[in-house]
Amino acid sequence: MRLFKLRLEMIWYLITPLTKGVFARKVDGMKSDQHTVYCKKPGEAMAIALGEANRAAQAGEVPVGAVIVESSTGRVLAQAHNRVERDNDPTAHAEVLVIRAACEMQGSPRLGDCDLYVTLEPCPLCATAISFARLRRVYYGAYDPKGGGVDHGPRIYEQATCHHKPEVYGGLSEEACATLLKEFFQSRRNASD
């Protein structure tokens, strides 16, 4: 448990400078006087998603974070982390929450000029929501052979019934994302022993 907390603090220390001053539609709400953040490289957006995943872990949620970036400008529109336990809502996955927030901010149910960055391969529920939102690209960190719905499991975007297939890039910051998840679940197992 102590090693897990130390790792969280270390990751948070590395990510915090990248996420300070973010003005984006956060699901938890934000102050309106914060500055807009632009991500020029995929790694910058994934760093913000990792920061959200850390917030989820600290709240006792499965550490998954997500960010939506407007692809034409690089502007961060929304960021969120899992809130399943807090909200008592099995659909409160980071991807679903960030899509809702970005759609509200854009005033449209479609996000065709946007890219999603998420720390874990989207599950079938989230993959379908991504398709319905018409996101342009999906970048994810850790692969999920057990619960994934993009490159594993039902492979939603390969189904004939899928009306929109975003470009998908897996493995971005994979080691950091996978380590955070492994240490979170290890600490949960150790706590129950």
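A residue is called buried when its relative accessible area is under 20%, exposed when over 50%, and partly exposed in between, with a 1.4 Å probe and protein chains only. By that criterion, 47% of the 193 residues of the protein chain are buried.

The model on display is predicted, so local features need pLDDT of at least 70 and side-chain atom pairs count only at pLDDT 80 or more, whereas totals for chains, interfaces and linings use all residues. Residues are numbered from 1 along each chain as its sequence is written, and side-chain values use heavy atoms, with hydrogens and water left out.

**The whole chain**

Helices (H or I, at least four residues) and strands (E, at least two) are DSSP runs numbered from the N terminus. Along the sequence they follow the pattern α-β-α-β-β-α-α-β-α-β-β-α. Contact here means heavy atoms within 4.5 Å. Among contacts between residues at least 6 apart in sequence, 63% join residues at least 24 apart.

**Helices H2 and H6**

Select residues 42–58 (H2) and 174–192 (H6), which pack at an angle of about 5° with their axes 11 Å apart. Axes are lines fitted to C-alpha atoms, for helices over the stretch in contact, and angles run from 0 to 180 degrees between N-to-C directions. The two helices H2 and H6 are therefore roughly parallel (angles under 35 degrees; over 145 is roughly antiparallel, 65 to 115 roughly perpendicular and the rest oblique). Show the side chains at the contact: H2 supplies Met-46, Leu-50, Ala-53, Asn-54 and Ala-57, and H6 supplies Ala-176, Cys-177, Leu-180 and Phe-184. By class, the contact of H2 with H6 has eight nonpolar residues, one polar and no charged ones. In this scheme Ala, Val, Leu, Ile, Met, Phe, Trp, Tyr, Cys and Pro are nonpolar, Asp, Glu, Lys and Arg are charged, and the others, Gly among them, are polar.

Remain on helix H6 and pick Ala-178. Ala-178 is buried, at 17% relative accessible area. Its C-alpha atom is separated by 7.9 Å from that of Tyr-143, 35 residues apart along the chain.

**Pro-122**

From Tyr-143, move to Pro-122, 21 residues apart in sequence and 8.9 Å apart in space, C-alpha to C-alpha. Pro-122 occupies the loop between strand S4 (114–120) and helix H5 (124–133). Its relative accessibility is 0%, so Pro-122 counts as buried. Leaving aside residues up to four places away in sequence, Pro-122 touches Glu-95, Ala-127, Ile-130, Val-138, Tyr-140, Gly-148, Gly-149 and Val-150.

**Two loop residues with positive phi**

Most residues other than glycine have a negative phi. Next select Asn-88, in the loop between helix H3 (84–87) and helix H4 (94–106). Asn-88 is not a glycine, yet has a positive phi of about 50°. Asn-88 is exposed, with a relative accessible area of 69%.

Then go to Arg-134, in the loop between H5 and strand S5 (137–142). Phi of Arg-134 is also positive, near 60°. Arg-134 is partly exposed, with a relative accessible area of 28%.

**The largest pocket**

Finally, select Val-62, Val-64, Leu-120, Asp-144 and Leu-181, which lie nearest the centre of the largest pocket among its 19 lining residues. The lining divides into twelve nonpolar, three polar and four charged residues. The volume of the largest pocket is about 380 Å³. On a 1 Å grid over the protein atoms alone, a pocket is an open set of points with protein on both sides within 12 Å along at least five of seven lines, a cavity is a set where a 1.4 Å probe fits but cannot get out, and lining residues have an atom within 4 Å of a point. Grid points are joined across faces, edges and corners, and a volume is the space filled by probe spheres set on the points.
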